[in-house]
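Visitor: I'd like to go through this one with you. Could you put it up on the screen?

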Amino acid sequence: MTVQISQKTLEDLGFADVLRALTQRCRTEPGRERVLARPFLDTAEQVSEALALVGEARALSQEQFSLPLGGVVDLRLHVGHAAKGGTLEPRQLIDGAQLLFAFVRTREALDERRERVPRLMDIARRLPLLESLARRIDQCFEPDGEISDRASPELREARDRARGLHRRIKSRLDEMLHDQGFVAKLRENYYTLRNGRYVVPVVSNYRAEVDGIVHNASQTGQTLFMEPQAMVGLGNDLAIAQSVVLEEERRVLQELSQLLGRESDRILEGLEAVAELDEVEAVAILSADLDATTPEFAGVTELQLRLLRHPRLVLRGTEVVANDVTLNGGAKALIVSGPNAGGKTVTLTGVGLCALMLRAGLPVPVGEGSRMPLYRSVHSTVGDSQDLAQGLSTFSAHVVMLRDIIAEVGEGSLVMIDEIAADTDPREGAAIAIAVLEDLLAKNAVALVTTHLEELKALAHMDPRFLNARVGFDSKRMAPTYRLQIGAAGQSSAIEVAARMGLPQRVCERARELTMNAGGPLSQALAAAEEERRKLSEELEKARVAAKEAEALRVELEKQKQTFERERRAKMMQFNEDVHAASELAATEVQKLLTKLRAEQNEKALSEARLQLMQRAEDAQKRALAARAELFQVEAPAPVNLKVGAWVHHSGLARDVEILELAEGHAVVSAGGAMKMRVPTSELSGSRTRKPQQAKFPERQKQDAALKRASTAAGAQVDATNFRCDVRGMRADEALAEVESFLDQGMRSGEEAALIVHGHGTGALKQALRDYLANSPYIRMYRPGEAHEGGDGVTVVALRS
């Protein structure tokens, strides 16, 4: 079943804005092209698979993970050129190496998470692993893009010869410039290059006295730039050496281009995979920005969107009123009425745009628990349809679009019509609108329309296939609320809106007088029914609030009752244990006294024993009274006292604790020090002691000390230096050994700074080197190179003095 979406519907609903927002979140040109060509999916299985892919990408983004696509450049044309035998420029080859490194990084990053993102990993497997080719290209260039001497032994040899000739020529010229007789014929005492030849500025009057070749002259002709005859032979040798260098550089570029061209098919396939990954990540980011979810759609026939927010309004950063839009229980047409500029069209286009996004495999800005069918086709007519080119009035053009929609819709179609049949006689317009809607429903289509026609509002009272909805209007503020209410018809409030827009007060008053007797029986009956419904709705809402409060109070009282009973039982148990222990102690002491009395048998001992017994009985009675008083003095906290930071009593620990976290029915409490435990809130009651005072800002001195240490440890600015070490192409262990020997040499020779060239690569060598530098005793500090120094492909270090 092919999805049918007309271009006009896409324009009416603004689907291009969603695609534009996606392209802004892409990081590669192939990804942006893929977004703009994103298709509408035909089957529920395809939609489910696309949304599952987005779900994996969104899970990664919530972990603050981003695909390592840095360095990806659109090289499709250049790779194709290389595949046909063309030679690429150094910059293009460097971009090719970075692209191959990005393939490796992305595939490795997803491979580490393959169990959580199997679908993304399937795409990543199409990324070619061409790291050796990337390294070969990378080592052939310096960070500034110049071809490196390492590119080939022949290039190094040719450049060494050219550099040697440069030094010989300069040395000979320096000797000539120290000859006072020769210098007297020069405009100034220096030499320079003209057309690749070393020349000196000779005064034109001495042209005949200086033996050499003129290569250039000043604008005035007073100065001639001449190559001395003694330098001509060396100059010729230098020209030959430089031509050899250029030829070898061209050969290197051609060789690298051929290597890249041989892998063109794999590279192009990798670029397609990168574009797909980039697109999926962009969708995940957009979904997070929209706070979007995936509504249930498999086998769904009823529309139930919870907390719908118009995607385009959310993208603009506009404050959006979220609304529920439902069509269930046999209803197939939603009639939205209410004041102008109240949000009717926003509701209409919001539902339509969400239908398109879902068909394109995109999450939509609705709440959890939403349900939306996958519509086979989506049709809309929104806004003024006047077509002057074809001689059609607004109404005529509107009718033409209704005709086309009726011809195209069928079962599973969604139709949205803004102000249906509005621009004609109201009675005839209402008749046309009803006939059109009945025909659409007969074809099992779903329709959403906005209207001010009273006859359409009355349909819901006579036909269960129709359902009313209205956008609210605040009569006190004389402004729309943008709140959608399902099941009620709304008044247009045209006069109030006109007054708000500045229509003179006298005109508005006269309009109200005229409407007093012009409503007709139908509109009056609808108004009366709506007023009655409003009153009932207010009463129902009050009853719901009261019932909710009563239930909350009942639950809280039950919790307090359970807490109180638990503590009472605990105190009773303790009381009984205390009484039992006191009784045993008293019996023991009485037994001892009786034994003593039997042994002594005198009046004085009897009197002393009687006094001791009376004293012990009095003490026991005091202890019992104190325990009894404590038993019946249980304090149960009110719910409002159970909050984070509260000082409460825990019956299980028999001590006061502090609440650290609160959840439904449980709390995490601190019993002092590092001891924490999770307990039911029913075991918490009023505190028995005062909460200990804590020092304010206990970490302030520690933070100040840490800042002071960081400030002391911070090094000065490190400048670039000619003392450098190049470890590109080495393994990590080889590079670390080379760098350690290099730094040891620098310390002995008194160097203050050094430059380590490691290239970009996959980043593993760079990370290993910087981990080593962070712990090296030779290093005072280090930093990545600036752009003119080679960027992140080099590291500048400062040596300890």
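Visitor: In S16, what is the bridge partner of Ala663?
Guide: The partner is His666, in S16. Bear in mind that this is a predicted model.

Visitor: How many bridges join S15 to S16?
Guide: Five bridges join them. S15 covers residues 655-663 and S16 covers residues 666-670, and the two strands run antiparallel.

Visitor: And what order do the strands of that sheet come in?
Guide: The order is S17-S16-S15-S14-S18, an open sheet of five strands with antiparallel pairing.

Visitor: Which are the edge strands?
Guide: Strand S17 (676-680) and strand S18 (684-686) are the edges, and each of them pairs on one side only.

Visitor: By how many degrees are neighbouring strands turned against each other?
Guide: On average by 55 degrees, with direction ignored.

Visitor: Changing topic to holes. How many cavities of 30 Å³ or more turn up in the whole structure?
Guide: The search finds three.

Visitor: Take the largest cavity. Which residues lie nearest its centre?
Guide: Arg135, Asp138, His758, Gly761 and Leu765 lie nearest the centre, out of 15 residues that line the cavity. Two elements give two or more residues to that lining: helix H8 (131-138) and helix H24 (764-775).

Visitor: Which element has the largest share of the lining there?
Guide: H24 has the largest share, with three residues.

Visitor: And how do the lining residues of the largest cavity divide into nonpolar, polar and charged?
Guide: Three are nonpolar, eight are polar and four are charged.

Visitor: Now the second largest cavity. Which residues line it?
Guide: The lining is made of Ala57, Leu60, Ser61, Phe65, Leu67, Leu120, Leu277, Val280, Glu281 and Ala284. By class, that lining has eight nonpolar residues, one polar and one charged.

Visitor: Which helices each supply at least two residues to the lining of the second largest cavity?
Guide: Helix H4 (44-62) and helix H12 (264-290) do. The largest share comes from H12, which gives four residues.

Notes. Residues numbered from 1 in each chain as written. Predicted model: local features only at pLDDT ≥ 70, side-chain atom pairs only at ≥ 80, totals over all residues. Heavy atoms only, no water. 1 Å grid on protein atoms, 1.4 Å probe; cavity = no way out; pocket = protein on both sides within 12 Å on 5 of 7 lines; lining within 4 Å. Points joined across faces, edges and corners; volume = space filled by probe spheres on them. Nonpolar A, V, L, I, M, F, W, Y, C, P; charged D, E, K, R; others polar. Pairing = 2+ DSSP bridges. Axes fitted to C-alpha atoms, helices over the stretch in contact; angles between N-to-C directions.
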